[in-house]
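Keep the viewer open as you read.

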Amino acid sequence: MTLPQTILAIESSCDDTAAAVVRGVPGAPKAQVSSSIVFGQTELHAAFGGVVPEIAARAHAEKVDLAVAQALDAAQTDLDGIDAIAVTSGPGLIGGVISGVMCAKGLAAATGKPIFGVNHLAGHALTPRLTDGVAYPYLMLLVSGGHCQFLLVEGPTRFRRLGGTIDDAPGEAFDKVARLLGLPQPGGPSVENAAASGDPRRFALPRPLLDRPDCNMSFSGLKTAVLRARDTLIADQGGLYRQDIADLSAGFQDAVADVLAKKSARACEEYLSLAPDTPVLCVAGGVAANQSIRARLEDQSASLGIAFVAPPLALCTDNAAMIGGAALEQMSMRPADGLTLAARPRWPLDDTAPAMLGSGRKGAKA
Amino acid sequence: MCSDLFDIVLSTPDATANLAQQIGSRLHVGDTLLLTGDIGAGKTHFARALIQSLQDHPEDVPSPTFTLVQTYDTRKGEVWHADLYRLSGPDEIIELGLLDAFDTAICLVEWPDRLGDDAPPSALHLNFTQMDVPDTRRIKASGARDKWADKLEGITHD
């Protein structure tokens, strides 16, 4: 019987700076999230139309110590009460990842506690273990600003990628469509808001790759189609009316939801061939916050008789609790990393999968 | 001295990829391509095709919008694929390490206007325009004639 461990976790691989204290038995499902602090940079980034990496790095460096102190306070503990330190060591914006890794190494050196570098994507992929105790193997759709992939989660360190985007991630497409339509950044919420009063059927937007029998997706052409529709409207009527923006947003969102739902059905087929006892489709990542997309995925899994799990939003978007949870899952299966832990801007979860981005030829994933 | 090198219209994404491969095969460390054009004009598609054509085992080439820079090992040395859209000014280019990479790698740079005066004078400029016909792109190349005219000699397109 392994004793419960208390993990201090740090995550700073994209736009948020986060720290958390998580307590649980290594390898056991469902851990206790004692605290989870997230300092957002949304306002900082809004003016720049997306995440500005350099600003992100500087802000992470300034905020990470504070986030750690607040996470310890909120968990009513201190560094003495911590058994191990977990940190996102990739993939992501390199400046942010380095800020987090340096902070974690400093804490590890000062306290003598072991340090575990955790893959950011593994953190997302293992969140259903932390929140809902979902049994392996489960199917995970990870869909965010920088990522979009179907993962078969077979164990704490065993991930099989069934497919993913061959170009842009949906979150990036939302940002770019917002930019094309003059909506504020970040694009996810602003496009969703605009879409609420729009007619998704007014513009016929493409559903790329739906004709292919695999789990790969493409969102770059969809963005280009929105651009063409916008330019046609501007040429015809001299500008965009509020309703045009709403209808284009709705059409775009509907196309993304459609592709994700239908490709989920394909991924589920592959997953079900493993005959899991209690099949579950999980979704994580910022795009899972989109209500319309979430509803479509829920309908899709219901129609296949598969349970649907979407962790609470705070643990679905970037956070440090998921990193602590992943460390708890993994720590009984692998050694700690030590102070030579390096930041990895690119770090595939499944490096045996052939390249998905681009021509689909063989090779390691980015 | 920057002069016009070619101005072509390509009617399919495959034709753009073919052009990217031909140009890629002529590049060496120290060469920089500056890719300009609006969102959806085909810059990333071109870069992806070029990078993968230089790899024995082609890797995923995700859009660099999110990570700003992606680096790849290729037969021709290291390739940097950068998207500077989200940078706010030339100061940030230095911290990115891109200026060093101009000498030590093949660099493909999207939204290179952020480079300001730091753009390498010997770079090849490729401007992408989306035409009214779907999938069709116009690509205009310009650069230092003494460097690029010979290098691009015999490039074909359909």
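**Chain B, then a helix in chain A**

Of the 158 residues in chain B, 58% are buried (under 20% relative accessible area, with exposed over 50% and partly exposed in between, using a 1.4 Å probe and protein chains only). Some ground rules: this is a predicted model, where local features need pLDDT of at least 70 and side-chain atom pairs count only at pLDDT 80 or more, while totals for chains, interfaces and linings use all residues. Residues are numbered from 1 along each chain as its sequence is written, chains are lettered from A and ligands numbered from 1 in the order written, and side-chain values use heavy atoms, leaving out hydrogens and water.

Chain B has 5 helices and 7 strands (DSSP runs numbered from the N terminus: H or I of at least four residues for helices, E of at least two for strands). Along the sequence, they run β-α-β-α-β-β-α-α-β-β-β-α in chain B. The C-alpha trace of chain B spans about 40 × 35 × 30 Å along its principal axes. As for contacts (heavy atoms within 4.5 Å), 63% of those in chain B with a separation of 6 or more join residues 24 or more positions apart.

Now hop over to chain A and find helix α6, residues 187–195. Which of its residues are buried? They are Gly187(A), Ser190(A), Val191(A), Ala194(A) and Ala195(A). They sit on the same side of α6(A) because they cover an arc of only 135 degrees around the axis, taken from the directions from the helix axis to the C-beta atoms. An α-helix has 3.6 residues a turn, so residues three or four places apart point the same way. The buried residues of α6(A) pack against α5 (170–180) and α8 (242–272) of chain A.
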